[in-house]
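Please work through the following exercises with the sequence and the structure at hand. Each task is followed by a worked solution.

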Amino acid sequence: AVVMQNDKLIDGGYCIKHDVDLGKIRADRAENKTFGDSAALYLDGRDFIRIKKDLKLASNGKLYEVNKLPFVPPAKRDRIERCMDIFRMQVAGLKKRATKAGSKMVLGVSGGLDSTLALLVCVEAARQLGKNPEDVIAITLPCFGTTKRTHSNAWELMKTLGVKALEIDIKEACTLHCRDIGHPIDKFDVTYENIQARERTQVLMDYACKEGGFVVGTGDLSELALGWCTYNADHISMYGVNCGVPKTLVRWMISALIDYNVFPDSTEVLKDIIDTPISPELLPPDENGNIQQETEEIIGPYALHDFFLYYLLRFGFSPSKIFFLASEAFREDFDKETILKWLQVFYKRFFTQQFKRSCLPDGVKIGSVCLSPRGDWRMPSDASYKLWLDEIETIPHNL
């Protein structure tokens, strides 16, 4: 072996020390099923060489580097290449669906990150299919919580992309629906929020039917994991282009498209959309017209939730191990009590919201973490989270 340290060759005796996560190795062997094939190929009938050591190896894990954003490559070049590969996969999947389900793509555009990425995928798919940009029908649907910034960005984006742009204000329809079901218009609860989300979906579905097209969903992987979507509303579409993209990657996806200058006329508005706080905009803005309902203040930081999701689905780690890894990765960002709080929220939401994932629309699979009910992830909607929450309850005693 040749060992380099500080660009100098070490030609004497040396010892290399590093932490290895055996849990990852076990998970890969259990899932990939290739270890036995490799052994048969390379051992050529010989038995395994077994080495026994009485020495007990132990470590506190300090020599093991943990990436706080496991879905996002840390190096810029790798990150941009990954994002562009994903964008191409999204476009390829949507092109295939467009040739089967209908020529026109219809989607709601809020001026936020997810709908922006979905719209960019639609525009590129139409371009590659040789269709008119106006075969993409983008509809902004302002209501009680819409702010001037997102409304303006939605219109600027649609205009610079050259799609067929429409605005359908749903305030009157939602007000009427509140009256029909006897819900006070000034009671800002979940019902108030869901009324808006379902009205938007109804409009999109009916307009797509009118145009002979299909609705393209905008929800991302992180929202599906947490159930941060309204059942039979933004939860439903004819095809979900973002269903395999985690929230922590969406900003980088749009940033990569800016770097590649894929949509040069939209660069400035895309930069402003990247800087906009994440919000469902279902509650009225503050007195200055700014967003006052920020998603991460309600359900927790997406950086943490994506971290939890990755290690739960990719390697099947326990809550205790995920907590340990998160504490190392985010030690400069969150204290352990905060991480523990949002870990508990994650498991509760992940289990209780499975009923939404059991009837998801089709969507392109992006990576090794997928929540499609037709292949990668099958889970009963009434599964109990007690065992996981019980383990989380023991963690504070070990802090």
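The model is predicted: local features need pLDDT of at least 70, side-chain atom pairs count only at pLDDT 80 or more, and totals for chains, interfaces and linings use all residues. Residues are numbered from 1 along each chain as its sequence is written, and side-chain values use heavy atoms, without hydrogens and water.

**Exercise 1.** Determine which strands stand at the edges of the open sheet of five strands.

Solution. Strands are DSSP runs of E with at least two residues, and helices runs of H or I with at least four, numbered from the N terminus. Two strands pair if DSSP finds at least two bridges between them. The order is β5-β4-β3-β6-β7, with parallel pairing. β5 (164–167) and β7 (239–240) each have a single partner strand, so these two are the edges. Strand β6 (residues 214–217) pairs with β7 over two bridges; Gly-217 has Gly-240 in β7 as its bridge partner.

**Exercise 2.** Characterise the salt bridge between Arg-314 and Asp-28.

Solution. A salt bridge requires a side-chain nitrogen of Lys or Arg within 4 Å of a carboxyl oxygen of Asp or Glu. Here the closest N and O atoms are 2.9 Å apart. The pair joins helix α12 (residues 302–315) to helix α1 (residues 22–32), across 286 residues. Buried means under 20% relative accessible area, exposed over 50%, and partly exposed in between (1.4 Å probe, protein chains only). Arg-314, at 19%, is therefore buried, whereas Asp-28, at 24%, is partly exposed.

**Exercise 3.** State whether Gln-196 is buried or exposed.

Solution. Gln-196 lies in helix α7 (residues 190–211). Its relative accessible area is 0%, so Gln-196 is buried.
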